[in-house]
Amino acid sequence: MSTNENLSRIIEAVIKIDAGLLDTTIDDALQAGLDPLMIVNEGVTVGLRQVGDLFAEEEIFLPELVQAGRLVSKAVENLTSAFSEEKTIAKKGTFLIATVKGDVHDIGKNLVSLIMAASGYDVVDLGTDVSTDDIVEKITELNPQLLGLSSLLSTTMPAQREVIQTLIEAGVRDHLHVIVGGAPVTQAWAQEIGADGYAENASQAVLEADLLMKQMTA
Amino acid sequence: MEPRMKVLSEPEMLKIDQASRAVLKEIGTLADNEEALDLFNQAGAHVDPKKKLVKIPDHIINDTLSKCSSCVNLYDRAGDTPLIIGGDRVYFGTVGIATNVLDFETNQYRQVICDDFVDIVRLSDVLNPPDFILVPATPTDVPTKIVDTIETKLMLLNTQKHFIAEAQNAVNYKKNVAMAVEVAGSLEKLQERPFFSTLVTLSSPLHFRDDGVELIVESSKLGLPLFIESGPMCGGTSPATLASTLIMANAELLSSFVLAKTVNPEVPLIYASWARILDMRAATCSHGGPEFPLLRMGTTQMAKYYGLPSGGGGILADTKSIDVQLGMEKLGTGLLPALAETNMISGMGLFADENAISLETLIIDYEVTGWIKRVLQGITVNDYTTDLSVFKEVGPGGDFVSSPHTMENFKKEMFLPGCMDRGFLRLDKDQEEKSMRKRARKLYTKAMATYTPPDLPEDIESKLDAIVNQ
């Protein structure tokens, strides 16, 4: 079986959200000598992106997307731990995420956390109703490349602006990419408050993060 | 429990029954057809050949009802499992005497042609429901004399599902049967698993027309199922009370059953009704108001009172466009009969006061039936659905979305709409982008990609054409 065939089978297993099939296809690929990093980047995460697209197109449902995310996270974890330290799979970057102050919605935020983690990011989830001060403190402490701010209510959207302002005042905005999201949030709002990116759904968040990371290294 | 609804009490049904019997015994029914008069005479009814009036004594009604089955099996051409019509089962189907179509591309009305008929039948084939296909439209590009046989031909060629055919006389009925026999292989095979039934529309008030009699007689002779419907108009062809309209519909149906069972006690019969009101402003019959589903529930209850399989109009609309009124009428006239357990609810696709059909409305009705079917399921309360372990597993403040319990249950518990718009209000996007109509169109393309024509014997089309043109 060719490298492409092995990867296609892995992608298909993720799309089918079939844990057993995913294990088998990954084992087969490893047996065939495929690099674990390639399996992650060109196999499972590609499959997950396609699952995300299917969700965005309303072909599959929320619990299925969550399950696919969990499946892929576990697969990535197994692939990572199966190898010695010098061959570990490097994380794409650190992604800190929070639902802003006054907002307790976490389903969308959790989904972004899960899909980002499954797509190779080191995710730090601060939870919901997180104060601006707490977010800025964590940024200073962890120095992540990416920050995700979720807001599900039009009344809590201004808190996203407040966080960005406070980051500037604290002098930690420059090397940080901020992505905003949540049902009422729009691209126009993201621009208005000076965010770097906007994501309409979880898989878009990954695309946006990948793009921003690329810009950062370029 | 499964939510269900009734509009008549036991004593009220008895009153309708008594009144219907009295109408048939004392007032009688007109039968402007020699064969019908002979058959009623044979059955023991009092026939006045001069006035062509038939008075049916009670014992004949009792005798007729004793010969009726509580269920009728309607087969399709694909498998062995029939739709069992009767009891608490609820099925939805198309219907359409409509000669107009709201064009999918132009959103303009135009006359139905055979291509439209084929499109509608194929869409009905891939969507579920329709569980059965009652002639969904009337093509206008073929000679009127043979249009019914062409409809039958097109249904035979384009769907495996059980269909209800129409025929304007005995000659065309026989052509329908001949075509079905050609497809089935033999008459015996067709009789064993009838994959089509015949629609009989009775005329009100209390008047047998030639066509109705011919269809009842010919289909009964062969023992092929009949979907007999009576559609008196409250205030027009029946008295201006809903109760009397039920009496009229019931009396007409019972008298037609006497006729059918006199020809052949084994003929499978479905008690169906289109009882409705005459709209006193527009002078048309209305199928979208509250009276229509009330009457349907009433006729359904009367069918059940006698232990008969039931059917009739539902999911209908008077509106002339795909608008707010359509949604209101379709849901109201679909949900209520379903709650009364009308076994065959026919109306999918039809709107504009029975004058138009469209692919879009058929898809919207498919969505409406999904909504209704979910209501019929009710709320399941048992040890499994109230299991506390998932409460413990997720715990206070947790997230049920990612629980395996959700994955196991969401599709069973929730209606997953195909074209209703449920997204968040996005002010930066076109609000019409995900409107029901747009989504219905998308669903059409997706659904039709799964269509496969039925398996048919070779050269079938030319054989059917030869029968049509005999």
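Tutor: Let's start at a strand pairing: B:Leu278 stands opposite B:Cys285, the latter in strand 17 of chain B. Keep in mind that this is a predicted model. Chain B averages a pLDDT of 96, and 100% of its residues score at least 70. For the model, the scores are ipTM 0.81 and pTM 0.92.

Back to the strands. Step back and you see an open sheet of 3 strands in chain B, ordered 14-16-17, with mixed pairing. Strand 14 (233-234) and strand 17 (285-286) of chain B are the edges, each pairing on one side only.

Further along chain B, have a look at B:Gly332, which lies in helix 11 (residues 324-339). If you set aside the neighbours within four places in sequence, B:Gly332 is in contact with B:Pro290 and B:Pro293. B:Ala251 is another matter: it is 81 residues from B:Gly332 along the chain, and their C-alpha atoms are separated by 27 Å.

Now for the partner chain. Where the chains meet, 10 residues of chain B are in contact with 12 residues of chain A. On the chain B side, those residues split into 6 nonpolar, 2 polar and 2 charged.

Chain A itself is assigned two domains, domain 1 (3-87) and domain 2 (93-217). Their C-alpha centres lie 26 Å apart. Between them, 14 residues of domain 1 of chain A are in contact with 11 residues of domain 2 of chain A. On the domain 1 side, helix 3 (36-56) and helix 4 (62-81) of chain A each supply at least two of the touching residues. By class, that side of domain 1 of chain A has 7 nonpolar, 4 polar and 3 charged residues.

Last stop, helix 9 of chain A, residues 202-217. Its 16 residues reach 23 Å from first C-alpha to last, close to the 22 Å expected at 1.5 Å a residue. Buried residues in helix 9 of chain A include A:Ala202, A:Ser203, A:Ala205, A:Val206, A:Glu208 and A:Ala209. As a rule, an α-helix has 3.6 residues a turn, so residues three or four places apart point the same way.

Definitions and conventions. Residues numbered from 1 in each chain as written. Chains lettered and ligands numbered in written order. Predicted model: local features only at pLDDT ≥ 70, side-chain atom pairs only at ≥ 80, totals over all residues. pLDDT = per-residue confidence, 0-100. Contact = placed C-beta atoms within 7 Å. Nonpolar A, V, L, I, M, F, W, Y, C, P; charged D, E, K, R; others polar. Pairing = 2+ DSSP bridges. Helix = DSSP H or I, 4+ residues; strand = E, 2+ residues; numbered from the N terminus. Expected span 1.5 Å × (residues − 1). Buried ≥ 20, exposed ≤ 12 C-beta atoms within 10 Å, placed from the backbone. Domains from an automatic or database assignment.
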